[in-house]
Every structure is written in C-alpha cells, then in structure tokens.
Amino acid sequence: MTDRGLESGATALDIAAAVREGRVRAVEVAEAAIGDIRRRDPQFNSFTEITAERALAEAAAIDETRAQGRPLPALAGVPYAVKNLFDVAGLRTLAGSKINRDCAPAAADAVLVARMRAAGAVLVGALNMDEYAYGFTTENSHYGATRNPRDPSRIAGGSSGGSAAAVAAGFVPLSLGSDTNGSIRVPASLCGVFGLKPTYGRLSRRGAYLFAASFDHLGAFARTSADLARCYDALQGADAKDPACAPRDAESASPALEEGIGGLRFGVLGDYFSRMASKEAIEARDQVTEALEAAQPVDLPEVERARASAFVITAAEGANLHLPDLRARPQDFDPHVLDRFLAGALIPAAWTLQAQRFRSWFRARVLEIFREFDILIAPATPWSATPIGQEMSELHGQLLPTRANFGLLTQPISFIGLPVVAVPVHRAGSLPIGVQIIAAPWKEALALRVAAWLERKGAVSAPVAGPV
Amino acid sequence: MKPEDCAAYVDAAAALAGLDLRGPRREAVVVQFSRIAAIAEFVMQHELPADVEPATVMRHD
C-alpha cells in the first residue's frame with residue numbers, strides 16, 4: 001500500500017497506528033492506495049469510481065489534526081471503499097444499475113459513510129456490485145464482471161463482489177457492503193476475506209440504496225478480525241430515521257476480542273447445511289469445527305422452507321421497489337435481473353403473507369436453539385469461486401443453476417436477521433472458501449471473538465492475494 | 001399452479017400491474033414465475049397456527 005513505513009497489505013490497525021505515531025502521513029497512504037488501485041484494478045474491475053480528490057482532502061484533514069496535536073480517531077488515515085449503493089456526497093448512487101445514472105448526485109453521505117469519516121477513515125472509491133444487489137456473482141452487464149483476485153478467471157461472488165475483491169487484492173484494508181440474502185458472506189467466502197453481516201437492525205441503512213427492505217443489512221469486509229471489529233465499532237449507533245434501526249446503544253466488539261472461547265457452546269448445523277455443501281465446503285467447515293473442538297450437531301427445523309420463503313419475499317419486495325422503472329424502461333435493466341424482477345412483481349399477496357408468517361414461526365424455533373448454543377457453525381457457500389460465466393454447477397451429482405444457488409446456505413440465516421461473521425479458510429492448492437460463525441441476535445461481539453480466536457489458532461486467515 | 005395456469009396468470013397480472021411483456025420477454029417471465037410458484041407452493045403447504053402473525057419487520061427488540 002505504501003513504502004513509507006508500512007508493508008504492502010498493511011492492516012487498518014497498522015495504518016492507523018503508523019499515522020498516529022507520525023511514521024507516515026495520511027496523505028501518503030491515500031496517494032499510495034489510489035496509485036495502486038489505478039495500476040492494478042483494471043485486471044479485477046472492483047472499483048467503479050475512484051474518489052481521489054475527496055480522499056486526499058480527508059487525509060489532509062487527518063494530517064492537519066495530528067499537526068495541531070489533537071487526538072486522532074480510531075481509523076485515522078485508513079483507506080476504505082464502499083459498494084456503490086452507499087450515498088457518497090457528490091456521486092451518483094449507481095447501485096450497479098444503468099438507470100441510476102440518471103439520478104442526481106447524492107446530496108449527503110450515507111450514515112455509515114459519515115461514521116467512517118468521523119472515525120478518521122479515508123474514502124478512496126466506490127465498488128462494483130450486481131445490479132440492485134440482485135445476484136451472487138457480480139457479473140454486471142453494465143459495468144463488467146468483477147474478477148476474483150485469487151483467480152481472475154473466476155467470479156468474486158456478489159452482490160458485494162467489488163467490496164470483497166478490493167480487500168482481497170490489498171487495495172484497501174476495509175470496505176463496506178450490504179447483505180440481503182448473503183451478499184456479504186458469499187463474496188467474503190469466494191474472495192477469502194472476513195465479512196460481517198450484523199443483526200438486522202443493528203446498523204443504520206439510511207443513505208444506502210435498498211433491495212428488499214425486510215432483509216437488507218449493511219456490513220463490512222476486512223483481512224483480519226481485529227480490523228473488522230474496529231470497523232464495526234465505528235459504524236454502530238442508533239438512527240431514529242431508519243425505521244429498521246433498533247434504538248440500541250453501541251456495544252463495542254474490539255475490547256473482548258482476546259477473551260477466547262472458554263465456556264462457549266458450539267453447534268454444527270447439519271442436514272440441509274451438509275446436503276447443500278460440496279466436499280470442499282464441508283472440509284472447510286470441519287477445519288473450523290475441529291479447531292473449536294465443536295462436534296455437537298444441530299438441525300434447524302424446516303430450513304428449506306425458510307430459504308423458499310426468503311426467495312418469495314425477496315422477489316416481491318425487490319420488484320415492488322422497482323415497479324415504476326419496470327413499467328417505463330425495462331430495457332435498461334441488466335438481463336440477469338430483469339426477468340426475476342418482472343416475475344416478482346406479479347406475486348400474489350397470499351404467498352408473501354404466508355412466507356412472512358412462516359418467518360415468525362421459524363425465528364421462534366431458531367431462538368429456542370440459541371438457549372442451548374452460543375454459536376452455530378455452517379459453510380458459507382456451496383462452492384468456492386466458479387469460473388465467470390458458468391451457468392450450472394454440480395452439487396452431489398445434481399446440476400444446479402450457479403447464480404441462483406450461491407445463497408443456499410446464507411439465505412436461511414439472514415431470513416431471520418441473525419448476526420454472522422464469514423471466516424476465510426485457505427487450503428494449500430485450493431481456492432479459499434468461507435464458514436459462517438452465527439450468533440444469536442445482538443451477539444456480534446461473540447461471533448467476532450470466535451473469529452479472532454480461530455485466526456490466532458491459524459485455522460482461518462485472509463492474506464492479500466498474490467500477484468497474478 | 002399448473003404451467004398453463006402460470007402463463008395465464010402472468011398475462012392477467014402483468015396487465016393489471018401495467019407491465020409490458022410482449023415478445024420473448026413474456027416466455028422468460030413465465031419461466032421465472034413458474035419457478036417462484038413452485039417454491040411458493042412449498043411455503044404454502046406449511047400449516048401455521050392462527051396466532052402466528054406476519055413478520056413485516058424483523059425487529060429483535
């Protein structure tokens with residue numbers, strides 16, 4: 001990232017410490033990050049916009065604060081980037097679409113962008129995604145596919161594919177994304193980085209372009225659990241203007257990261273979560289469960305129906321949001337999403353209401369399970385990254401449509417808004433693949449603690465992707 | 001919903017919703033809707049107690 005006192009791929013905490021101690025200026029860090037993105041990102045296509053002017057201004061303000069002898073915030077001088085569905089003042093919020101190019105530039109930053117700025121982080125750009133977040137592959141017809149830094153012939157996952165790829169490539173140590181049915185956990189798994197999808201209602205979504213409101217979560221990516229926790233801590237706080245944001249005080253995760261896992265009760269999700277996972281996904285899960293000495297199998301009831309319900313509600317909510325454009329300019333949608341939006345617009349109310357009632361039922365059953373367990377463990381994706389353009393993928397002898405099924409293992413969890421950390425498992429000679437560390441509502445700190453412990457044990461890690 | 005019913009439903013509902021499905025797009029939407037219908041049927045088969053209300057916003061407080 002910079003050769004002035006920081007090694008390539010420095011963590012957010014390394015950078016913040018170096019800036020705080022005066023070993024490097026924030027402007028130097030920002031210039032190095034922007035130069036690196038301009039040089040190397042054309043091979044990955046993770047960025048749709050580089051915000052150089054803003055980044056240098058934010059970095060200069062950090063340097064000025066330090067020069068005046070005033071204390072610096074936790075992420076001072078740390079470069080980061082955001083999925084292009086976050087409002088960034090002065091930029092058009094594309095949400096991966098062609099249609100949104102016609103919108104006026106955002107007048108103000110999204111709440112989470114403002115909080116990152118308050119924490120001293122420096123915004124260097126906006127990142128590619130599936131159109132309107134309706135996909136798991138970031139094969140965007142308008143802006144091109146984002147390529148996986150671990151193997152550029154393969155997808156980065158989606159819909160926050162640019163966010164995961166930018167962190168895996170080492171352009172930034174932190175990025176923000178969104179997760180409706182798996183859009184943080186899937187690309188984190190495929191790109192081999194850490195991803196946090198907090199509890200539904202934990203983080204304000206104000207100023208982010210929604211997809212399916214009753215599922216939409218915002219979250220973050222990082223290459224270490226400590227960076228992820230520090231970023232999450234910076235993002236927390238109530239927001240009365242987001243109707244889904246719970247009126248809760250921030251509960252810092254960073255201070256407890258080193259506490260270990262003593263006394264925690266782990267359950268390993270089986271049945272559906274084993275049947276819908278390839279051999280490599282099961283091996284990754286086993287690597288994590290063996291490190292945790294977690295062997296207690298747990299079956300969630302009616303998981304397939306949970307996934308089915310999530311599918312129906314998502315289709316209806318997403319289509320409803322875009323109904324005016326579906327009527328007026330369907331030709332301007334990405335072909336990968338248009339037919340699904342149109343079909344979703346026709347769903348009868350009886351189906352969505354039944355699915356929403358089932359959602360209440362399922363949530364109650366799963367919360368009962370959390371009386372006996374603190375953490376549940378499951379693979380994050382059925383497969384590791386597939387080749388760009390691959391239409392079908394094999395799972396236990398059956399061919400399944402690739403794009404529709406990358407969320408098989410994430411959808412039942414976000415359906416009821418549980419917090420999850422996706423941890424990356426890297427195995428020699430193989431592509432990385434992620435494992436979900438799932439906690440009860442509001443227990444993000446616990447999931448992050450487990451991720452940190454696994455990282456210290458060497459069971460999970462997220463190195464910068466090597467040169468390609 | 002049978003496949004032929006899906007096609008008829010898509011035509012009628014699209015007209016009500018003001019969506020233009022002329023040309024090859026209609027067939028693609030019928031395929032997608034048939035898939036949703038099959039998935040929704042699985043959801044509808046689950047009997048729920050009468051006191052289970054829809055989870056319109058998944059608040060945990």
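In this predicted model, 38 residues of chain A are in contact with 30 residues of chain B. On the chain A side, four helices each supply at least two of the residues that touch chain B: α10 (303–321), α11 (323–328), α12 (335–344) and α13 (349–369). The helix that gives the most is α13(A), with 11 residues. By type, the residues on this side of chain A divide into 22 nonpolar, 8 polar and 8 charged.

One helix pair across the two chains can be followed in detail. The axes of α12(A) and of helix α2 of chain B, residues 24–44, come within 8 Å and cross at roughly 60°. From α12(A), the residues that make the contact are A:D339, A:R340, A:L342 and A:A343, and from α2(B) they are B:A28, B:V29, B:Q32, B:F33 and B:I36. The residues of this contact divide into 6 nonpolar, 1 polar and 2 charged.

Chain A has its own helix α2, which spans residues 26–40 and contains A:R39. With 9 other C-beta atoms within 10 Å, A:R39 is exposed, because a residue counts as exposed at 12 or fewer. A:R39 and A:A306 are 267 residues apart in sequence, and their C-alpha atoms are 44 Å apart in space.

The backbone of chain A also deserves a look. Most residues other than glycine have a negative phi, and most peptide bonds are trans. Against that background, the peptide bond that joins A:G158 and A:S159 is cis, with omega about 10°. A:S159 lies in the loop between β7 (151–155) and α5 (161–168) of chain A.

Two residues of chain A other than glycine have a positive phi. For A:A95, phi is near 50°. This residue is placed in the loop between β2 (79–83) and α4 (111–118) of chain A. A:A95 is buried, since 24 other C-beta atoms lie within 10 Å and the cut-off for buried is 20 or more.

For A:D271, which is not a glycine either, phi is positive at about 50°. Its place is in the loop between β11 (266–269) and α8 (272–275) of chain A. A:D271 has 14 other C-beta atoms within 10 Å and is therefore partly exposed.

Technical notes:
Residues numbered from 1 in each chain as written. Chains lettered and ligands numbered in written order. Predicted model: local features only at pLDDT ≥ 70, side-chain atom pairs only at ≥ 80, totals over all residues. Contact = placed C-beta atoms within 7 Å. Nonpolar A, V, L, I, M, F, W, Y, C, P; charged D, E, K, R; others polar. Axes fitted to C-alpha atoms, helices over the stretch in contact; angles between N-to-C directions.
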